[in-house]
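Please keep the model open while reading the points below.

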Amino acid sequence: MNNLDNINWKGNSKAMYDGIINAMPPLFKAAVKKKVSVWIDKYNIETVTEDDVIETVEKFAPDNYKEKLLTLVKQLKTK
């Protein structure tokens, strides 16, 4: 996803994103990456913060993954 290379990742937001991708079952990794790519393009996202990542997990993660992913990303939060 080339558009990820152009993102200004604040704090540990990139590590959070990478952790989410690594925690996903292989079957879902490509779908999550595609959704993020579409979101970046659709809304002309230039900067992603730690709070953006946490909010996205809270809103969109499937219930059976939400708690695991929130624990993971909140451990990486720097603020």
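**Notes on helix packing and the main pocket**

1. Start with α2 and α4. Their axes come within 8 Å and cross at roughly 30°. Angles under 35 degrees count as roughly parallel, so α2 is roughly parallel to α4. The crossing of α2 past α4 is left-handed. Bear in mind that this is a predicted model.

2. Now the residues between these two helices. From α2 come S13, M16 and I20. They meet E50, V53, I54 and V57 of α4. By class, this contact of α2 with α4 holds five nonpolar residues, one polar and one charged.

3. Turn next to α2 and α5. The angle here is about 150°, and the axes lie 9 Å apart. Angles over 145 degrees count as roughly antiparallel. The two helices, α2 and α5, are therefore roughly antiparallel to each other. α2 passes α5 in a right-handed crossing.

4. Which residues of α2 meet α5? They are A15, M16, G19, I20 and A23. Their partners in α5 are K68, L69, L72, V73 and L76. The contact of α2 with α5 has eight nonpolar residues, one polar and one charged.

5. On the α4 side, the contact is made by E50, V53, I54, V57 and E58. On the α5 side, K66, L69, L70, V73, K74 and L76 take part. Sorted by class, the contact of α4 with α5 has seven nonpolar residues, no polar ones and four charged.

6. Now the largest pocket. How much space lies in it? The volume is about 810 Å³. Its lining has 24 residues. V32, K35, V36, T56 and F60 are the ones nearest the centre of the pocket.

7. Where does the lining come from? At least two residues each are supplied by α2 (13-23), α3 (26-42), α4 (50-60) and α5 (63-76). By class, the lining of the largest pocket comprises 19 nonpolar residues, one polar and four charged.

How values were computed
Residues are numbered from 1 along each chain as its sequence is written. This is a predicted model: local features need pLDDT of at least 70, side-chain atom pairs count only at pLDDT 80 or more; totals for chains, interfaces and linings use all residues. Side-chain values use heavy atoms; hydrogens and water are left out. On a 1 Å grid over the protein atoms alone, a cavity is a set of points where a 1.4 Å probe fits but cannot get out, and a pocket is an open set with protein on both sides within 12 Å along at least five of seven lines; lining residues have an atom within 4 Å of a point. Grid points are joined across faces, edges and corners, and a volume is the space filled by probe spheres set on the points. Helices (H or I, at least four residues) and strands (E, at least two) are DSSP runs, numbered from the N terminus. Ala, Val, Leu, Ile, Met, Phe, Trp, Tyr, Cys and Pro count as nonpolar, Asp, Glu, Lys and Arg as charged, and the others, Gly among them, as polar. Axes are lines fitted to C-alpha atoms, for helices over the stretch in contact, and angles run from 0 to 180 degrees between N-to-C directions. Angles under 35 degrees count as roughly parallel, over 145 as roughly antiparallel, 65 to 115 as roughly perpendicular and the rest as oblique. A crossing is left-handed if the near helix is turned anticlockwise from the far one by less than a right angle, and right-handed if clockwise. Contact means heavy atoms within 4.5 Å.
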